[in-house]
Amino acid sequence: MTRSLIEQWFPAATVGAESLRERGTPRALPWVFGLHVWWARRPLSVSRAAVVASLLPAWPDEDEVRADPAAQRVLAGLRAEFTEGEDEYRAWFVRSLGVLGNPALARAQIQAAVARGETTGGNAYGYERAFRWSPDEKTVELITRLASLRAHVEPAPVLLDPFAGGGSIPFEAARFGCSALASELNPVAAGILNATVDLPAVHGPDFAEHIKNWGARWCERVGERLGPFFPHVEPDERLAYIWAHTVPCPTTGHPTPLAPDLWLARGKADRDVAVRLDADSETGAIAREVVEGEEAHAYGPRSTYKRGTGVSVFSGETFSGDYIRQRALAGEMTDLVHGHRAAVDAAQAAAVLFGADPTDAGEEAIAFVAAEVPSSRRSAGTIDDAAALLAETGLAASKSDARRLVDQGSVRANGQVLTTLDGLRDVTLLHGRYLLLRKGRRHHHLVEIFPGRG
Ligand SMILES: C[S@@+](CC[C@H](N)C(=O)[O-])C[C@H]1O[C@@H](n2cnc3c(N)ncnc32)[C@H](O)[C@@H]1O
């Protein structure tokens, strides 16, 4: 096969400058980058240049033409399209990428102006960012025709990207009329590829309508649920919200915030600013006031959470990391995400994991427990050999270790201390099928028992 253009020549300075321009302003990044962050995502400008230059033929030199009939055919095809020769071909290639000026020169001029403390004014490049340009049909047809001179395949070439990541290469290949095959190991990147390359290519412009409709419904639902936490009043002078996790104060039950300090700004623009919290333990209300100067120094360093220990703004009492973890599992965050019923279930699950009697827990709560601790499904027959069960679930290191743990009274089954290994047969299963084994205070294993001995 004859050489590709990229093997002969590549306008690296031009494409490099255009790629830097593409990345220069976070606000003007390509739209496809907005769906989800992906690492080592390549600029679209360099991706399209590499794709097209890999498909197009090199301009064969005299030696190649003499030695290879295929090179003669390529040269004839190129000359038919570019009657003024190789320079015309190269200039067309650069324009086909959407590069309609000299971005390397424009960049140098911008840098020189900045060094002089001046601005160039307007668009120093003289044309839109290249990636914003989608090639027209005529350009795509010509690229396909020229690619076929070299590859002897028609119509559109197929491009393979075996490590496709965020999809810059298959995205540009699709824009330039190729069928693209993309492979990716990571499911997040595979999702990005599906959403930004595959589905738009399959559904065409109609896909945008689907996205708009579903996006609007999603915004509406999120708005309904989160709106109350971000009240909007007119005129609204708030610039941003600062939020903190909360847990119920152990004494009053009111949500108390967890914050490492109460500073809002220290030394920025020569100002020290903090927030002063005045908590009312009767009503649970927390009045907030922004304070500066001396007062900021009094309130800023106050902490309601440090190194795993919280302090209630209502009672001043401290509470432990265990308490915070338990409440986090059971508390308002769960309520916000899953709704009230799920919060109650999660609260029961948390209580069980922190030692409460599991026979009081509903079936949904046991499902929450299953999500938090190792679990397995086993036949009813496994209950007959408690030592083996404890060893297989990893709660005991071996069957003899299991015997020792039971003798010490360190194992509970569905909340009851197991005094003998045989005692496991008498334990009532939770909801007719669950056996929650616990070693010591922290180590759990949930077994779902199905009928039979197999
Ligand atoms: C440098 S990134 C590719 C970036 C991509 N060109 C873009 O512009 O977004 C390399 C990708 O290869 C993927 N990868 C690594 N090993 C792989 C494998 N064996 N098979 C498929 N994908 C793999 C990684 O998950 C990563 O997303």
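Residues are numbered from 1 along each chain as its sequence is written. Because the model is predicted, local features need pLDDT of at least 70 and side-chain atom pairs count only at pLDDT 80 or more, while totals for chains, interfaces and linings use all residues.

**Domains**

The protein chain divides into domain 1 (5–209), domain 2 (246–319) and domain 3 (373–450). These bounds come from an automatic or database domain assignment. The centres of domain 1 and domain 2, taken over C-alpha atoms, are 54 Å apart.

**The sheet**

Helices (H or I, at least four residues) and strands (E, at least two) are DSSP runs, numbered from the N terminus. Two strands pair if DSSP finds at least two bridges between them. An open sheet holds 5 strands in the order 11-15-14-12-13, with mixed pairing. Strand 11 and strand 13 (416–417) are the edges; each has a single partner strand, so one side of each lacks a neighbour in the sheet.

| Strands | Sense | Bridges |
|---|---|---|
| Strand 11 (375–379) and strand 15 (443–450) | parallel | 5 bridges |
| Strand 14 (434–439) and strand 15 | antiparallel | 6 bridges |
| Strand 12 (411–413) and strand 13 | antiparallel | 2 bridges |

Arg378 is bridged to Ile449 in strand 15. Leu437 faces His445 in strand 15. Arg412 has Val417 of strand 13 as its bridge partner. Strand 14 and strand 15 form a hairpin with 3 residues between them. Gly440 lies in that turn and has a positive phi of about 60 degrees.

**A helix pair**

Helix 2 (residues 12–24) packs on helix 7 (residues 103–115) at an angle of about 55 degrees, and their axes are 7 Å apart. Axes are lines fitted to C-alpha atoms, for helices over the stretch in contact; angles run from 0 to 180 degrees between N-to-C directions. Helix 2 is therefore oblique to helix 7. Under 35 degrees counts as roughly parallel, over 145 as roughly antiparallel, 65 to 115 as roughly perpendicular, and the rest as oblique.

Helix 2 contributes Ala13, Thr14, Ala17, Glu18, Leu20 and Arg21 to the contact. Helix 7 contributes Pro103, Ala104 and Arg107. Contact means C-beta atoms, placed from the backbone, within 7 Å. The contact residues are 5 nonpolar, 1 polar and 3 charged. Ala, Val, Leu, Ile, Met, Phe, Trp, Tyr, Cys and Pro count as nonpolar, Asp, Glu, Lys and Arg as charged, and the others, Gly among them, as polar.

**The ligand shell**

Around the ligand stand 16 residues, of which Arg42, Phe163, Gly165, Gly166 and Ser168 come nearest. A residue is near if its C-beta atom, placed from the backbone, lies within 6 Å. The shell has 7 nonpolar, 6 polar and 3 charged residues.

Note on methods: Contact = placed C-beta atoms within 7 Å.
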